[in-house]
Structure formats: structure tokens, C-alpha cells
Amino acid sequence: MTRKNVYELTLERIETLFREFDNVYVSFSGGKDSAVMLNLCIDYIRHNHLDRKLGVFHMDYEVQYEETTRYIDRVLGQNRDILEVYRVCVPFKVTTCTSMYQTFWRPWEEDKRGLWVREMPTGCYTVTDFPFYSKDMWDYEFQHLFAQWYHRHKGASRTCCLVGIRTQESYNRWRTIYAGKRTSQYKGLVWTCRNSPDVYNAYVMYDWLTTDIWTANGRFGWDYNRLYDLFYQAGVPLEKQRVASPFISAAQENLSLYRAIDPDTWGKMICRVNGVNFTGIYGSTSAVARYRTKLPPGHTWESYMYFLLSTLPSRTRSNYLRKLSVSINFWRTRGGVLPDDTIAKLKAMGIKIEVGKQSSYHTDKKPVRMEYLDDIDIPGFKDLPTFKRMCICILKNDHACKYMGFSLTKKEMDDRRRIMDYYTKIFS
């Protein structure tokens with residue numbers, strides 16, 4: 001039996017999707033992964049002479065490298081005969097980690113038109129095109145609801161959204177593929193996940209490596225975002241070359257590259273979102289906890305946390321304190337799940353813990369109730385509640401406390417449920 005490479009396996013997955021789904025679209029960012037996925041689908045349609053169009057969903061965040069905008073314009077324009085493009089310019093809320101004052105920003109916000117980094121592209125879709133839009137909506141919520149709107153808009157029987165994520169990129173992406181329930185997959189295909197009734201996401205490139213991406217571009221002569229050439233010339237390692245919203249936590253370290261690669265855009269960015277210039281200067285330093293964070297003399301991590309909180313605006317401080325309170329109560333009453341080796345190390349160090357027998361989560365790990373620690377130096381420390389990790393969240397302007405692994409609070413869940421209910425009523 002001949003072993004197939006990732007390219008051959010992906011073609012089989014794409015063939016399955018075009019056979020099983022009457023409505024297929026690609027979530028396209030202009031980055032290397034979604035670009036290869038789009039090219040794979042374009043080639044498949046052309047080589048097989050399919051009498052159908054491929055949907056393309058592009059969330060335009062306004063602030064991006066000019067090279068990315070040029071590439072998006074180029075690839076969509078060259079294939080307009082087989083593409084049905086939804087280039088979305090909507091002022092949804094987007095997380096920003098550049099400021100202690102501003103927890104989110106809005107691309108294409110009408111009140112900020114004078115500060116827009118560029119003009120809206122011709123033929124884009126705006127708020128008037130989406131009846132489900134709400135000012136309280138985050139970008140990821142819009143993405144989820146767009147899939148349902150598009151499914152209804154097309155009158156489709158089954159809709160599939162191709163998402164270009166690879167498990168190599170992060171543990172969270174690995175979990176997206178392997179930690180989902182089998183009942184949410186389409187016909188047991190591990191690389192699929194149900195979004196809503198008759199609407200699925202498909203991760204056809206989940207097993208590709210970064211080297212596979214560039215091998216495919218070279219072998220098939222596909223067009224790609226030339227920004228990656230500039231990244232390479234600037235000395236950015238292959239694994240860190242990403243096209244993403246420039247103000248999120250993962251982009252802090254490389255935000256200053258805008259100043260060198262795209263100075264015209266940089267000059268507009270620093271007026272667009274609070275704290276961009278500061279993050280451009282200090283984004284790769286310990287000032288924002290990018291590298292080893294040191295405890296100031298005379299402080300414990302707990303006292304340092306309260307000092308940092310005292311320097312924040314009241315609204316931002318309240319947000320962190322609310323999340324901290326929920327987390328402390330969770331670890332005291334319900335407990336987080338930990339592996340046996342971590343539990344053994346905690347006991348050996350004399351740390352007071354209460355170990356339960358079984359968790360309500362789908363895991364073999366045991367629930368452990370405990371108090372917050374100041375800091376601890378053991379493998380698996382990222383699973384443990386410590387004030388040091390909370391300090392890092394504050395220094396990183398991580399308003400959602402993703403570094404701590406926090407989930408949405410009850411209020412945030414209620415807000416999200418209200419948005420979903422709002423959408424359901426519109427189409428009922």
C-alpha cells in the first residue's frame with residue numbers, strides 16, 4: 001500500500017466536501033495557510049471542470065500590511081470567474097492588547113473615518129448587508145453567525161466552511177481537531193466540526209507543516225502574499241511569520257516590523273489604536289512580559305499584582321478583579337483538573353490540596369481544589385493558579401486573560417447568548 005502525502009490526502013478531503021456539500025466556501029485571511037487552501041480549491045474546480053462557484057469569506061480588518069491588501073486584490077481578481085467573494089468591512093469588536101485603556105477597537109468605525117488607515121475596498125459588504133449585526137458583536141461571533149446567514153442566503157442543503165488551521169501551530173488548534181466530540185463531526189470525519197444544523201467547518205490542511213506550505217507554493221507555482229518575502233529578509237523565522245490582526249497578543253512582538261516594512265501604514269496605525277507606539281517599542285521586551293518577568297524587590301507576586309492593578313483605569317482594573325474573583329472561587333469550590341504527576345509534585349512540596357475522584361469533564365485527570373499560589377516552579381505550572389501568571393496577563397494587556405486559560409465569565413456568556421438569540425429571532 002502506497003503511503004500518501006499531505007497534498008494527496010487533502011485533495012481527497014476536498015473531493016469529499018464538494019461531493020457531500022452543495023455550498024462550500026473558504027475563510028480567507030490572506031495568510032499563507034488560507035492562501036494555499038484557496039489555491040487547492042481553485043485548482044480542484046478548474047481541473048475537474050466543475051459547474052459551480054466557490055465562496056470566499058474575507059474579514060477585512062482595515063489595518064494590515066499594504067502587501068497583504070495587494071495580494072488579496074490580486075488573487076480574488078484573477079479568479080473572479082469561479083469565486084463568489086464576500087469581502088466584509090464591518091465595525092465588530094476586535095481584541096487589542098496594546099493598551100491598558102482600550103480593551104477592543106473597531107475596524108471601519110464610521111465615527112473614526114478620519115483616522116481610517118485606508119478606504120474601504122470597492123464592492124465590499126458592510127453592516128447594511130447583514131441583518132444579524134449588532135454593535136456588541138465580537139469578530140469571532142460575527143464569523144460564526146456569517147456561516148448561518150450565508151447558509152440561509154444561498155438556500156443550501158448543507159454548507160461547509162474551509163478553515164486553514166494546522167495542528168502544528170498551537171495546542172489550541174490541536175484541540176480543535178482532536179478534542180471535539182465525535183457526534184459533532186460530519187460522518188465521523190475528524191477534520192470536521194458542526195457549526196450549527198447543516199453547517200460545518202472543515203480543516204482539510206490540519207496535518208500540514210509550514211515546510212509543506214512553501215513546498216506547495218514552489219511546486220505548483222501558486223501566487224502568494226509577498227509580505228512573507230519581506231518577513232524573511234527581516235530575519236523573522238518561518239514559524240513566526242504570521243498575517244494576523246496587528247493588535248492581538250500574539251502580534252505584540254513583531255508589531256514594530258510595520259515601522260520598517262510598511263512605514264506609511266505605521267504612521268496611520270499609531271493614531272488609530274491606543275498604545276500602538278509603546279507596544280512597537282517594548283513589545284519584544286519584559287515590559288510586556290514577552291520574556292522572563294522579574295519580581296521587583298520587596299514584593300510578592302500577589303502584592304505586585306495589586307500594585308499593577310492600582311496603576312490601571314478603574315474599568316480595566318474591575319475587569320481583571322472580576323475574572324480573578326471567579327477563578328479563585330472556581331479553584332476553591334470546583335477545582336481544576338490536573339494530571340497525577342502534577343498532583344504528586346504538589347503533595348511532595350507540602351502544598352495543601354484536595355483531590356477529587358472524578359471530574360465532570362471528559363478527561364482522566366482528577367479535579368483538584370486549592371488556593372492561589374504566589375508562584376511555583378514545576379512542569380505543568382501553566383495549569384496552576386498563581387498570582388505570577390495574573391501579573392503576566394496585566395503586563396501583556398491580556399484583558400481576556402487567555403494566558404491564564406480563562407473562559408468567558410457568566411456575564412460574557414449571557415451577552416453572547418443574547419446576540420445569538422437576536423440573530424435567531426430575525427430569521428424565525
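How many aromatic pairs does a search of the whole structure find? The count comes to 38. Keep in mind that this is a predicted model.

**Aromatic rings**
- One of the pairs joins Tyr 125 and Phe 130, a tilted arrangement with 6.1 Å centre to centre and 35 degrees between the planes.
- Tyr 125 counts as partly exposed at 23% relative accessibility, while Phe 130 is buried at 2%.
- Both rings belong to one aromatic cluster, which also includes Phe 142, Phe 146 and Trp 149.

**Charges over rings**
- Lys 93 lies over the face of Phe 104, 4.9 Å from the ring centre.
- Over at Tyr 224, the charged end of Arg 226 sits 4.0 Å from the ring's centre.

**Nonpolar cores**
- The largest nonpolar core has 78 residues, and Phe 28, Leu 38 and Phe 130 are among those touching the most other members.
- Leaving aside residues up to four places away in sequence, Leu 38 touches Val 26, Phe 28, Leu 54, Val 56, Val 75 and Leu 83.
- Another core, of 31 residues, lies apart from that one and includes Leu 373 and Phe 406.

**Helix α12**
- Helix α12 (residues 314-333) runs 28 Å from its first C-alpha to its last, close to the 28 Å expected.
- Its buried residues include Tyr 320, Leu 324, Ile 328 and Trp 331.
- Just after α12, Gly 335 takes a positive phi of about 90 degrees.

Note on methods:
Residues are numbered from 1 along each chain as its sequence is written. This is a predicted model: local features need pLDDT of at least 70, side-chain atom pairs count only at pLDDT 80 or more; totals for chains, interfaces and linings use all residues. Side-chain values use heavy atoms; hydrogens and water are left out. A nonpolar core is a set of buried Ala, Val, Leu, Ile, Met, Phe, Trp, Tyr and Cys residues joined through side-chain atoms within 4.5 Å. Buried means under 20% relative accessible area, exposed over 50%, partly exposed in between (1.4 Å probe, protein chains only). Contact means heavy atoms within 4.5 Å. Helices (H or I, at least four residues) and strands (E, at least two) are DSSP runs, numbered from the N terminus. The expected span of a helix is 1.5 Å times one less than its number of residues. Rings of Phe, Tyr and Trp (its six-membered ring) pair if their centres lie within 6.5 Å; planes under 30 degrees apart count as stacked, over 60 as edge-to-face and the rest as tilted. A charge sits over a ring if NZ of Lys or CZ of Arg is within 6 Å of the ring centre and within 35 degrees of the ring normal.
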